[in-house]
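Colleague: I am new to this structure. Could you walk me through it, one question at a time?

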Amino acid sequence: MKTHESKYLSLKETLLGKINTGELRPGDQLPPCRELAREYQVSYLTATKAINLLAADGYIQASQGRGSFVRQRAPDEQLRTHENKRVILCAPPIVHDQVDLFLREGKRMFFEQGWDVEIEQPRKMRDILSLVKRPDSYVLLFGYQFSNYNDRYLIATHGRGRIIMLGERFDFFGITSISSDNSHIMRMALDFFQSKGRSKIGLICANLAHVDELERLAALRCYYRTLYKEHLLEKLLVDLNLKQFTVVADQALKTFEEHLNSGTWNYLDAVIAPEVETAQLLCRFLKSHRFRIPEDIAVIAINNISGHAETKSPLSCIDTNFQAQVRISVEAILKLAKGQGYKEILYTCEPSLVLRSTTP
């Protein structure tokens, strides 16, 4: 049985096939959505979404009261033949090393290709959407979480063929996402601790609403299921429940205190932290309560900035290879401009090796 999503994608491809074969010629009017719904035995909503996708991709022009007509050619084709390539680098308006690297390296890489680069840091969804709707520009988005279905639908409908998502899983309407390989990261961390004789390994999550955190938790769950210890998972998960992009020290310390009272830190002998800053904060907290680091509890940080750990921390770190993710994202935009694109809807980037091995 086809899902709701596959039905309107299937209808869209059927209509697109008629356009490509010439059965529907430029200037021809498509049947109304209600008629399409009856002809293809789908709901009115499904037919409407299929028409919206064709309009977003530039194959038809839809206007209220007049109907939908086949265009001469798609705007993405016009965009590809435009002499001046333009890209918008879009990230949240916050101070963070990843945001700085994304904007700096992304701008440099596009400049080297002769592109015009515009940097925008909108906070509200309507402002992000206004950028995505601009027909003369490609958009590279980083650092946003679109958990609302309607937001994802609007972004995909208006930006398909022109946007790439970095760091956010967005397998929606075929939009390509670039992300770190969290399963690989967790395997490296767990293997690292096991090689040091550590078996009671905990995981700190900044926000379990983010798919990266959920993937890391799933990997930890599989690890303990293998060891027949899944019932221990509640003791091994430290959820900071942060709603922001960066670590909020007061909230993190409050959570660490709660887990101290519940006995979590007395039970664990190793911890995986989501960032170097979080790992450092945890180490200071534990030392203030007379835990020895790393003798009592070893800590490894998932490091998001290449080389960042070498100047900021003596901890063991796994580099997520973020600079490579930025490079791949830029390459993905360049492929779109050439009428190509990644075959993968989701492209995961493998992490680098452990930067330090100071944890015994």
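Modeller: Let us start with arginine 221. Keep in mind that this is a predicted model. Arginine 221 is partly exposed, since its relative accessible area is 31%.

Colleague: How far apart in space are arginine 221 and leucine 236?

Modeller: Along the sequence, 15 residues separate arginine 221 and leucine 236. In space, C-alpha to C-alpha, the separation is 9.9 Å.

Colleague: Is arginine 216 buried or exposed?

Modeller: Look at its neighbours, leaving out residues up to four places away in sequence. Arginine 216 touches Asn182, Met186, Leu203, Pro274 and Ile302. Its relative accessibility is 6%, and the cut-off for burial is under 20%. So arginine 216 counts as buried.

Colleague: How many helices and strands does the protein chain have, and what share of its residues is buried?

Modeller: The protein chain has 15 helices and 13 strands. It has 360 residues, and the buried share of them is 49%.

Colleague: Among contacts between residues at least 6 apart in sequence, what share joins residues at least 24 apart?

Modeller: This question concerns contacts in the protein chain. Take those between residues at least 6 apart in sequence. The share joining residues at least 24 apart is 68%.

Colleague: How are α2 and α3 oriented to each other?

Modeller: Helix α2 covers residues 33-40 and helix α3 covers residues 44-57. Their axes are 8 Å apart, at an angle of about 115°. The crossing is right-handed. The two helices are therefore roughly perpendicular.

Colleague: Which residues of α3 meet α2, and how many residues in the contact are nonpolar?

Modeller: From α2 come Cys33, Arg34, Leu36 and Ala37. From α3 come Tyr44, Ala47, Thr48 and Ile51. By class, the contact of α2 with α3 has one charged, one polar and six nonpolar residues.

Colleague: Where is glutamine 41, and is it buried or exposed?

Modeller: Glutamine 41 sits in the loop between α2 and α3. Its phi is positive, about 55°, although it is not a glycine. At 71% relative accessibility, glutamine 41 counts as exposed.

Colleague: How is α5 oriented to α15?

Modeller: Helix α5 spans residues 97-112 and helix α15 spans residues 322-337. Their axes come within 10 Å and cross at roughly 40°. That angle makes α5 oblique to α15.

Colleague: What is the make-up by class of the contact of α5 with α15?

Modeller: On the α5 side are Gln98, Leu101, Phe102, Glu105, Gly106, Met109 and Phe110. On the α15 side are Phe322, Gln323, Val326, Arg327, Val330, Ile333 and Leu334. By class, the contact has nine nonpolar, three polar and two charged residues.

Colleague: How does α11 lie against α13?

Modeller: Helix α11 is residues 249-262 and helix α13 is residues 276-288. Their axes are 11 Å apart and the angle is about 50°. That makes α11 oblique to α13.

Colleague: Which residues of α13 make the contact with α11?

Modeller: The α11 side is Ala249, Ala252, Leu253, Phe256, Glu257 and Leu260. The α13 side is Thr278, Leu281, Leu282 and Phe285.

Colleague: Where does the chain have a cis peptide bond to proline 294?

Modeller: Proline 294 lies in the loop between α13 and β11. Omega is near 10° for the bond that reaches it. The cis bond runs from isoleucine 293 to proline 294.

Colleague: What covers the buried residues of α7?

Modeller: Helix α7 is residues 149-159. Its buried residues are Arg152, Tyr153, Ile155, Ala156, Thr157 and Gly159. Their cover includes α3, α6 and β6.

Colleague: How many disulfides does the structure hold?

Modeller: A disulfide is a covalent bond between the sulfur atoms of two cysteines. Cysteine 90 is buried at 0% relative accessibility. Cysteine 317 is buried, with a relative accessible area of 0%. The number of disulfides in the structure is zero.

Key
Residues numbered from 1 in each chain as written. Predicted model: local features only at pLDDT ≥ 70, side-chain atom pairs only at ≥ 80, totals over all residues. Heavy atoms only, no water. Axes fitted to C-alpha atoms, helices over the stretch in contact; angles between N-to-C directions. Helix = DSSP H or I, 4+ residues; strand = E, 2+ residues; numbered from the N terminus. Parallel < 35°, antiparallel > 145°, perpendicular 65-115°, else oblique. Contact = heavy atoms within 4.5 Å. Buried < 20%, exposed > 50% of the residue type's maximum accessible area, 1.4 Å probe, protein only. Disulfide = S-S within 2.5 Å. Nonpolar A, V, L, I, M, F, W, Y, C, P; charged D, E, K, R; others polar. Left-handed = near helix turned anticlockwise from the far one by under 90°.
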